[in-house]
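Hi everyone, thanks for coming.

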Amino acid sequence: MPGAVKVFGSPTSSEVARVLACLFEKDVEFQLIRVDSFRGPNRMPQYLKLQPHGEALTFEDGSVTLVESRKILRHIADKYKRQGNLDLIGTGALERSSIEQWLQTEAQSFDVPSADMIYSLAYLPRTMPLDGRNDGGAGRQQKQQRDMMMSPSHMQKVEEMKQLFEKSSRDLSKVLDIYDQRLEEAEYLAGDKFTLADLSHMPNADRLASDERSARLIQSRRNVSRWWADVSSRESWVYVKSLQRPPSAEAPF
């Protein structure tokens with residue numbers, strides 16, 4: 001379809017999921033071309049021409065090609081401002097300023113520690129006690145059994161990931177405390193309407209909420225928990241989650 005919006009990437013990527021949610025919110029017709037960025041030489045030539053280093057995301061809209069998800073969100077919300085959710089980018093200078101402030105907060109303060117936590121949890125054994133918690137004698141016995149099965153280099157990597165988890169937990173706790181205070185005053189981060197400020201948080205927040213080892217960061221904060229229950233049930237995000245399951249076939253949307 002000439003001039004159609006195309007998204008190259010995997011829906012399981014946070015960057016891609018962020019863009020897909022925005023397209024659904026704005027009722028923009030698009031084609032998703034699934035690309036596994038870890039396949040090296042097997043990546044499709046069309047994708048490599050657009051993105052020679054094989055980054056996670058490429059977005060095409062006519063003659064416009066973008067690769068950074070937050071820039072893509074702004075492009076979609078601005079170009080298609082008269083359709084779909086009309087509130088995503090705000091309608092006045094004050095609203096837009098608040099949305100931009102929270103977009104920057106997400107990118108600078110939330111994204112890195114949340115991504116670090118997700119990365120560390122993907123590596124750490126699910127039975128490993130984290131963040132100062134332990135299971136007494138049973139926990140020590142499990143640790144001894146794990147250690148016996150690991151090579152020294154693997155043990156070192158696990159310890160590095162545990163330290164990364166603990167640091168990201170501290171950093172995220174500080175950020176989410178601020179969010180909880182903000183959400184005491186407003187229904188959403190930038191005010192009383194769902195906007196890009198909320199949408200940009202959704203991919204990493206979803207992964208945190210979906211893992212019992214990190215879910216407490218959201219569940220233990222009343223306002224953040226209420227906010228997450230609201231935004232994660234939006235139809236746009238439900239659609240994105242459905243795309244994250246292994247596809248039976250690719251199809252335009």
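Phe24, Phe30 and Tyr239 come together as one aromatic cluster. Please keep in mind that this is a predicted model. In total, the structure holds six aromatic pairs. How are the rings of Phe24 and Tyr239 placed, stacked or tilted? Their centres are 5.1 Å apart and the planes make an angle of 50°, so this pair counts as tilted. If you are new to this, a pair of aromatic rings is described by the distance of the centres and the angle of the planes.

Now follow the chain. Phe24 belongs to helix H1, residues 14-25, while Tyr239 belongs to helix H11, residues 235-243. The two are 215 residues apart, and their pair links distant parts of the chain. Phe24 has a relative accessible area of 16%, so Phe24 is buried. Tyr239 comes out at 40%, so Tyr239 is partly exposed.

Let's move to another pair, Phe110 and Tyr179. This one is stacked, with 6.2 Å from centre to centre and 25° between the planes. Here, too, distant parts of the chain are linked: Phe110 is in helix H4 (residues 93-123), Tyr179 is in helix H6 (residues 152-185), and 69 residues separate them.

Setting aside neighbours within four places in sequence, Ser168 is in contact with Pro113, Asp116 and Met117.

Next, charges over rings. Arg234 lies over the face of Phe194, 3.9 Å from the ring centre. Lys157 has its charged end over the ring of Tyr123, at 5.8 Å from the centre.

In soluble globular proteins, nonpolar side chains tend to be buried together. The largest nonpolar core in this model has 59 residues, and Val7, Leu20, Leu23, Ile76 and Leu196 have the most contacts inside it. Where does this core lie? Domain 1 (3-85) and domain 2 (91-233) both contribute residues, so the core lies between them.

Notes:
Residues are numbered from 1 along each chain as its sequence is written. This is a predicted model: local features need pLDDT of at least 70, side-chain atom pairs count only at pLDDT 80 or more; totals for chains, interfaces and linings use all residues. Side-chain values use heavy atoms; hydrogens and water are left out. Rings of Phe, Tyr and Trp (its six-membered ring) pair if their centres lie within 6.5 Å; planes under 30 degrees apart count as stacked, over 60 as edge-to-face and the rest as tilted. Helices (H or I, at least four residues) and strands (E, at least two) are DSSP runs, numbered from the N terminus. Buried means under 20% relative accessible area, exposed over 50%, partly exposed in between (1.4 Å probe, protein chains only). A charge sits over a ring if NZ of Lys or CZ of Arg is within 6 Å of the ring centre and within 35 degrees of the ring normal. A nonpolar core is a set of buried Ala, Val, Leu, Ile, Met, Phe, Trp, Tyr and Cys residues joined through side-chain atoms within 4.5 Å. Domain bounds come from an automatic or database domain assignment. Contact means heavy atoms within 4.5 Å.
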